[in-house]
Amino acid sequence: QPAAGEPIRSVITESVDAAVIAWCVKPGQRISAHVHPDGQDTWTILAGCGRYFVSAHGESIAIAEGDVLVAHRCEVHGVLNTGQQDLVFISVVSPAAAGFMPV
């Protein structure tokens, strides 16, 4: 269970090759900017909208339902839900042991 006010992270499946995660980010919530030093993270936005972080300095781009975003090895990414509905997306981290480092 997430801490109060934290996005909901549900592991769909995990193997050596990849981890597939469903995320639900409530309005105003964020996933802080981070990198995966040993792999990539691909997001498919299923519902909602927000700002996708592309740097450690807060630069971001608008995202919405239907977008697919790829953060290659060591590329900064994260998200802020700027909409009025839940931001729901699938994240595929490959390989599953890609690591995680906040920036």
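## Serine 91

Serine 91 sits in strand E9; strands (E, at least two residues) and helices (H or I, at least four) are DSSP runs, numbered from the N terminus. The model is predicted: local features need pLDDT of at least 70, side-chain atom pairs count only at pLDDT 80 or more, and totals for chains, interfaces and linings use all residues. Residues are numbered from 1 along each chain as its sequence is written, and side-chain values use heavy atoms, with hydrogens and water left out.

Serine 91 counts as buried, at 2% relative accessibility. Buried means under 20% relative accessible area, exposed means over 50%, and partly exposed lies in between (1.4 Å probe, protein chains only). The side chains of serine 91 and aspartate 41 are joined by a polar contact of 2.5 Å. Such a contact is a pair of N or O atoms within 3.5 Å; within protein, one must be able to donate a hydrogen and the other to accept it, and residues adjacent in sequence count only if both atoms are side-chain atoms. Not counting residues up to four places away in sequence, serine 91 touches Ala19, Val20, Ile21, Trp23, Asp41, Thr42 and Trp43. Contact means heavy atoms within 4.5 Å.

## Aromatic rings

A pair of aromatic rings is described by the distance of the centres and the angle of the planes. Rings of Phe, Tyr and Trp (its six-membered ring) pair if their centres lie within 6.5 Å; planes under 30 degrees apart count as stacked, over 60 as edge-to-face and the rest as tilted. The count comes to three aromatic pairs. Tryptophan 43 and tyrosine 52 make an edge-to-face pair, 5.2 Å centre to centre with 85° between the planes. Tryptophan 43 and phenylalanine 89 make a stacked pair, 4.2 Å centre to centre with 25° between the planes. Tryptophan 43 lies in strand E4 and phenylalanine 89 in strand E9, so this pair ties together parts that are 46 residues apart in sequence.

One aromatic cluster is formed by Trp23, Trp43, Tyr52 and Phe89.

## Strand E3

Histidine 34 belongs to strand E3. Histidine 34 is buried, with a relative accessible area of 4%. A polar contact of 3.4 Å links the side chains of histidine 34 and histidine 36. Beyond four places in sequence, histidine 34 touches residues including Asp41, Glu75, Phe100 and Met101.

Serine 32 is also placed in strand E3. Serine 32 is partly exposed, with a relative accessible area of 47%. Leaving aside neighbours within four places in sequence, serine 32 is in contact with His77 and Gly78. The C-alpha atoms of serine 32 and alanine 96 are separated by 19 Å, and the two residues are 64 residues apart along the chain.

## The largest pocket

The largest pocket has a volume of about 270 Å³. A pocket is an open set of points on a 1 Å grid over the protein atoms alone, where a 1.4 Å probe fits, with protein on both sides within 12 Å along at least five of seven lines; lining residues have an atom within 4 Å of a point. Of the 16 lining residues, Arg9, Trp23, His36, Val93 and Phe100 are the closest to the centre. Strands E1 (8-14), E2 (19-25), E3 (30-35), E4 (40-47) and E9 (87-94) give two or more residues to the lining. The largest share, three residues, comes from E2.

Terms used
Points joined across faces, edges and corners; volume = space filled by probe spheres on them.
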